[in-house]
Amino acid sequence: MEKNYAVKQFGSWNNVEGKVFLGEALGLTGAQLSVQKLAPQEDAPFLHAHKRHEEVYLILSGKGEYQVDGEVFPVGEGTLIRVAPAGVRALRNTGDEPLVMCCIQYQAGSFGEADDFMVDGTIINEPVKW
Ligand code: ZN
């Protein structure tokens with residue numbers, strides 16, 4: 001029987017090399033997920049936007065600047081950024097340490113009524129055994 005989950009271990013975010021797409025490795029069916037490590041002072045090679053996909057960026061470590069539609073703001077460990085498909089975006093590392101980020105990409109507007117856990121979720125009424 002096929003498992004209902006997949007696990008990918010980096011051990012440490014420092015072990016991420018360049019940009020790694022994880023959709024296939026994790027068997028994602030409704031999103032793309034990538035993690036990327038930017039070297040100190042590394043700049044994005046280009047601005048980009050999307051046609052249909054919204055993105056959420058999670059800054060996992062380091063310090064940098066993010067820009068959307070020409071607005072620039074500081075980001076660092078603990079920052080989350082949502083960008084609508086048309087947002088023209090880029091990220092750069094402005095620090096002396098590597099910056100590691102995770103990007104989740106999914107079709108904008110696809111969540112619909114399932115955005116409430118209690119609409120889509122089911123509580124399994126059994127004690128949790130570990
Ligand atoms: Zn993108």
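Is Glu65 buried, exposed or partly exposed? At a relative accessibility of 26%, Glu65 counts as partly exposed, where buried means under 20% relative accessible area, exposed over 50%, and partly exposed in between (1.4 Å probe, protein chains only).

The model is predicted, and local features therefore need pLDDT of at least 70, side-chain atom pairs count only at pLDDT 80 or more, and totals for chains, interfaces and linings use all residues. Residues are numbered from 1 along each chain as its sequence is written, and side-chain values use heavy atoms, with hydrogens and water left out.

**Salt bridges**

A search of the whole structure finds 4 salt bridges, each defined as a side-chain nitrogen of Lys or Arg within 4 Å of a carboxyl oxygen of Asp or Glu.

| Pair | N to O distance |
|---|---|
| Lys37 and Glu17 | 3.8 Å |
| Glu55 and Arg89 | 2.6 Å |
| Glu65 and Arg92 | 2.6 Å |

The side chains of Glu65 and Arg92 meet in a salt bridge, and this pair links distant parts of the chain, with Glu65 in strand β4 (residues 63–68) and Arg92 in strand β7, 27 residues apart; strands (E, at least two residues) are DSSP runs, numbered from the N terminus. Arg92 is partly exposed, at a relative accessible area of 37%.

In the salt bridge between Lys37 and Glu17, Lys37 lies in strand β2 and Glu17 in the segment before β1 (19–21), so the pair ties together parts that are 20 residues apart in sequence. Lys37 counts as buried at 18% relative accessibility, whereas Glu17 is exposed at 59%.

The side chains of Glu55 and Arg89 also form a salt bridge, and here Glu55 in strand β3 is linked to Arg89 in strand β7 (residues 89–93), 34 residues apart. Glu55 is buried at 2% relative accessibility, and Arg89 is buried at 1%.

**Asp43**

Asp43 sits in the loop between β2 (32–38) and β3 (53–61), and counts as partly exposed at 45% relative accessibility. Leaving aside residues up to four places away in sequence, Asp43 touches Leu91 and Arg92, contact meaning heavy atoms within 4.5 Å.

Terms used. Helices (H or I, at least four residues) and strands (E, at least two) are DSSP runs, numbered from the N terminus.
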